[in-house]
Amino acid sequence: MATKRQANLPTATEFQVWDKEKIRKYIPNHQALKEYITIDSTYKIKPSMIVLFDFSSEPIIGKYKSVIFDTEAGIILTTKNSRQLFNSLSQSSTLGLKYQNKLRQQLGLKRKHVFALGNYAYFSLNGFSQLNTSWLALHQLSDFIQLAETEAQASTIKLNSTQYLFKFTSCAPHIQKRLHESITLNQELKETAINFQNELGLNQTLNDSLLTEEERLFKLQLATKPTLASLIKQVHNDDFEQYSFFMKSQTGTIWTKNDHQTCLSFTRRNNLMF
């Protein structure tokens, strides 16, 4: 039997279908919605997000640039725009945008519409550009239909024993095709991660051996342990530093540590969406 999914969202019929016009009419002043609405300028994208509606060109009450439906937090109003929210997600992810773009190139996929995380994925209705846009959490959806050239609607999986419907205008052309490409990229990224997991033997049950004897573990004096993301970042930094020192020895160009850090920070912009 499938587990019933709950959500901190209203269940009344009139609150099961949403578009930008209805949000602007009902939020944040509708009395029946007040218990579900939170103003949060520190909100971060997380798996409980369902959908992000972009209002950056005409903010709600003149200041809220994004309205987010979230299974845990309810309906979030934030002053952050979609670019800020997803740049933050990319910077904190182990396999950030730089790696996803490389995989996309190898697969022959050209359009950039998805931030892929395997069991979680976030889909941009206008791709990655200098414009802000609305986003969908694909892992929270059961269906997506293109209604017209630039119109679409998305249905959630069952939450609170009902399905919520979100409607959008101003989508990118061929949005249905972009969705299929995005799901494919996410699946390929997931398989890459699973292959790495298999390489480490994490898919196997570990028999009793020296590796399982906790008393043999060395007590590390660390405030925080390294993460895979921090290791990748440090290796990239070291490689770049060796390259810069080599170029200095070959060309005689004066190359300071500040120069090195400036160039390195420029290359890291590849891990930003915008």
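These are my notebook entries on a predicted model.

**Entry: the sheet**

I began with the strand order. I found 7 strands in an open sheet, running β2-β5-β4-β3-β8-β7-β6, with mixed pairing. I then looked at the edges. β2 (37-39) and β6 stand there, each with a single partner strand, so one side of each has no neighbour in the sheet.

I followed β6 to its partner. β6 pairs with β7 (residues 121-124) in the antiparallel sense, over 3 bridges. I looked up F115 and found Y122 of β7 as its bridge partner.

**Entry: helices on the sheet**

Next I checked what packs on these strands. α4 packs on the sheet and touches β6 and β7. I noted about 155 degrees between the direction of α4 and that of β7. α2 lies across β3 (49-54), β4 (66-70), β5 (74-78), β6, β7 and β8 (135-137). I recorded about 140 degrees for α2 to β3.

**Entry: helix α3**

Which residues of α3 are buried? I listed L97, Q100, N101, L103 and R104, in a helix that spans residues 97-107. Seen down the axis of α3, these buried residues fall within an arc of 160 degrees, so they line one face of the helix. I turned to the other side of α3 and found Q105 and Q106 exposed.

What do the buried residues of α3 pack against? I found α2 (82-92), β6 (114-116) and α4 (175-199). I also checked what follows α3. G108 comes next, and its phi is positive, near 75 degrees.

**Entry: β1, β10 and β11**

I moved on to β11 (residues 165-168). β1 (residues 17-18) pairs with β11 in the parallel sense, over 2 bridges. W18 stands opposite F166 in β11. β10 (residues 151-156) also pairs with β11, here in the antiparallel sense and over 4 bridges. I looked for the position opposite K167 of β11 and found Q153.

**Entry: D143**

I placed D143 in strand β9 (residues 141-148). Its relative accessibility is 39%, so D143 counts as partly exposed. I looked up its contacts. Leaving out residues up to four places away in sequence, D143 touches Q153, A154 and S155. I also took the C-alpha separation from D143 to I157, and it is 8.1 Å. These two residues are 14 residues apart along the chain.

**Entry: salt bridges**

How many salt bridges does a search of the whole structure find? I got 2. I reminded myself that side chains of opposite charge can pair when their charged atoms come close.

I took E181 and R178 to begin with. Their side chains meet in a salt bridge, at 3.2 Å from N to O. E181 and R178 are 3 residues apart in helix α4, so about one helical turn separates them. An α-helix has 3.6 residues a turn, so residues three or four places apart point the same way. Are E181 and R178 buried or exposed? I found both buried.

I then looked at E213 and R216. They form a salt bridge, with the closest N and O atoms 2.4 Å apart. E213 is partly exposed, because its relative accessible area is 27%. R216 counts as exposed, because its relative accessibility is 57%.

Note on methods
Residues are numbered from 1 along each chain as its sequence is written. This is a predicted model: local features need pLDDT of at least 70, side-chain atom pairs count only at pLDDT 80 or more; totals for chains, interfaces and linings use all residues. Side-chain values use heavy atoms; hydrogens and water are left out. Buried means under 20% relative accessible area, exposed over 50%, partly exposed in between (1.4 Å probe, protein chains only). The arc is that of the directions from the helix axis to the C-beta atoms. Contact means heavy atoms within 4.5 Å. Two strands pair if DSSP finds at least two bridges between them. Axes are lines fitted to C-alpha atoms, for helices over the stretch in contact, and angles run from 0 to 180 degrees between N-to-C directions. A salt bridge is a side-chain nitrogen of Lys or Arg within 4 Å of a carboxyl oxygen of Asp or Glu.
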